[in-house]
Amino acid sequence: MYAFFNKIMLNEETIKNLINEAIIGRKNSYSPYSHYKVGAALLLENNEIITGCNIENAQYSLGVCAERVALQKAISKGEKSFLAIAIVGGREDEENEFSDYAFPCGACRQVMREFVNKNIFKIIVAKSINEYKIFTLEELLPFSFGKENL
């Protein structure tokens, strides 16, 4: 499977590298309440990868998802061109293979909608380096509301 984004090709090697980076990022998860660790790896247009992990809080609503951490880190560095994100997640006793796919929550999908090009950006959800699915934002957030609707 190949998808061209400007001069960067999202091929199997790139996808697997992105998933591996998400697995590595997951190790920093702070999840003492749910014991569900999530990692995300965001691919920038310049081929840089920025990782994120979920960070929980005793006041549950103040926690933040791995996807938003990665996006916020990138945006705070002045980056605004995103190509793809890989997401992995599972119980804390799972290491490199997960029992299920960790899809982005509704809040993460809406934040992505604000900052990514929905015609280019790909969302990769993975159970392992070799077992993954790729979606567009439109597939995961149909009929979305964005700044062009204002």
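Serine 128 is buried, with a relative accessible area of 10%. In this predicted model, serine 128 belongs to the loop that joins β6 (122–126) to β7 (132–136). A polar atom of its side chain is placed 3.1 Å from the backbone nitrogen of glutamate 131. When neighbours within four places in sequence are set aside, the contacts of serine 128 are with Ile19, Asn96 and Glu97.

Alanine 126 is part of strand β6. Its relative accessibility is 0%, and because the threshold for burial is under 20%, alanine 126 is classed as buried. Beyond its neighbours within four places in sequence, alanine 126 is in contact with Ile19, Ile87, Val88, Phe98, Asp100, Tyr101, Glu131 and Tyr132. The C-alpha atoms of alanine 126 and valine 38 are separated by 11 Å, with the two residues 88 places apart along the chain.

Helix α3 spans residues 106–115, and its buried residues are Cys108, Arg109, Met112 and Arg113. Viewed down the helix axis, these buried residues of α3 fall within an arc of 145 degrees, so they line one face of the helix. In an α-helix there are 3.6 residues a turn, so residues three or four places apart point the same way. The elements covering the buried residues of α3 include α2 (66–76), β5 (82–91), β6 and α4 (137–140).

Notes
Residues are numbered from 1 along each chain as its sequence is written. This is a predicted model: local features need pLDDT of at least 70, side-chain atom pairs count only at pLDDT 80 or more; totals for chains, interfaces and linings use all residues. Side-chain values use heavy atoms; hydrogens and water are left out. Helices (H or I, at least four residues) and strands (E, at least two) are DSSP runs, numbered from the N terminus. Buried means under 20% relative accessible area, exposed over 50%, partly exposed in between (1.4 Å probe, protein chains only). A polar contact is a pair of N or O atoms within 3.5 Å; within protein, one must be able to donate a hydrogen and the other to accept it, and residues adjacent in sequence count only if both atoms are side-chain atoms. Contact means heavy atoms within 4.5 Å. The arc is that of the directions from the helix axis to the C-beta atoms.
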